[in-house]
Amino acid sequence: MLGKFLAIVLVVSGLAAGGAMYYLQVYGYYDEVVLKPGQDVVLLPLGEETPRPIAYRDFQAIDASSSPIRYRACFTTSLAPQELAQMFQVSEQKFPRTAPGWFDCFDAEALGEALEAGTATAFVSVKNISYGVDRIVAVTDQGQGYAWHELNACGAKAYDGTVVGETCPPRPQTTAPAE
């Protein structure tokens with residue numbers, strides 16, 4: 001009888017831990033991003049280092065403090081990708097990161113297909129928004145806009161353990177809390 005009880009406790013504990021892990025990965029750490037007009041959708045102009053805002057509406061975004069690559073945003077714009085490409089840096093990024101299923105405005109698969117087909121264009125928004133992470137903004141021919149964070153070359157090296165090298169900026173130092 002004791003063996004059955006222990007088996008039930010182990011199974012229930014495993015299910016509870018698995019359910020908690022699933023919840024925390026899919027729902028737990030995400031927060032809705034507070035709208036900051038003029039700061040939410042910015043693109044990096046050609047030959048410049050300071051991003052500039054573009055016209056947008058219907059903005060919604062999520063982010064999580066647990067990881068620098070969990071940011072996802074959706075918006076609409078009246079600007080065409082072709083006219084944006086004449087003023088802003090185009091990104092070679094063709095594979096957006098997926099969003100949680102409950103954030104239904106961001107369909108990474110459809111966006112990736114649009115980027116591959118040329119009916120959407122990806123732009124560099126902010127370089128090193130967090131160490132080794134760039135913000136990418138994509139705009140479709142229909143005026144739908146999407147934003148996500150992607151590892152840049154330095155971030156990919158830093159997080160896979162290879163030597164970063166001199167071409168990457170130094171990693172920011174974290175300070176220990178005062179005692």
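User: Hi! Is Cys105 buried, exposed or partly exposed?
Analyst: Hello! In this predicted model, Cys105 is partly exposed, with a relative accessible area of 21%.

User: What about Cys74, buried or exposed?
Analyst: Cys74 counts as buried, because its relative accessibility is 5% and the cut-off for buried is under 20%.

User: Thanks! Which residue does Cys105 pair with in a disulfide?
Analyst: Cys105 is joined to Cys74, with an S to S distance of 2.1 Å.

User: And what sort of bond is that, in general?
Analyst: A disulfide is a covalent bond linking the sulfur atoms of two cysteines.

User: How many disulfides are there in the whole structure?
Analyst: A search of the whole structure turns up one disulfide. Cys74 sits in strand 5 (residues 72-76), while Cys105 is in the loop between helix 2 (81-85) and helix 3 (108-117), so the pair ties together parts that are 31 residues apart in sequence.

User: Nice. Is the disulfide right-handed or left-handed?
Analyst: It is right-handed, because the torsion about the S-S bond of Cys74 and Cys105 is about 90°.

User: Switching topic: where is Ala64?
Analyst: Ala64 belongs to strand 4, which covers residues 57-64. Ala64 counts as buried, at 6% relative accessibility.

User: What does Ala64 touch?
Analyst: Leaving aside residues up to four places away in sequence, Ala64 touches Tyr29, Tyr30 and Arg70.

User: And how far apart are Ala64 and Asp31?
Analyst: In sequence, Ala64 and Asp31 are 33 residues apart. In space, their C-alpha to C-alpha distance is 6.0 Å.

Note on methods. Residues numbered from 1 in each chain as written. Predicted model: local features only at pLDDT ≥ 70, side-chain atom pairs only at ≥ 80, totals over all residues. Heavy atoms only, no water. Disulfide = S-S within 2.5 Å. Helix = DSSP H or I, 4+ residues; strand = E, 2+ residues; numbered from the N terminus. Buried < 20%, exposed > 50% of the residue type's maximum accessible area, 1.4 Å probe, protein only. Contact = heavy atoms within 4.5 Å.
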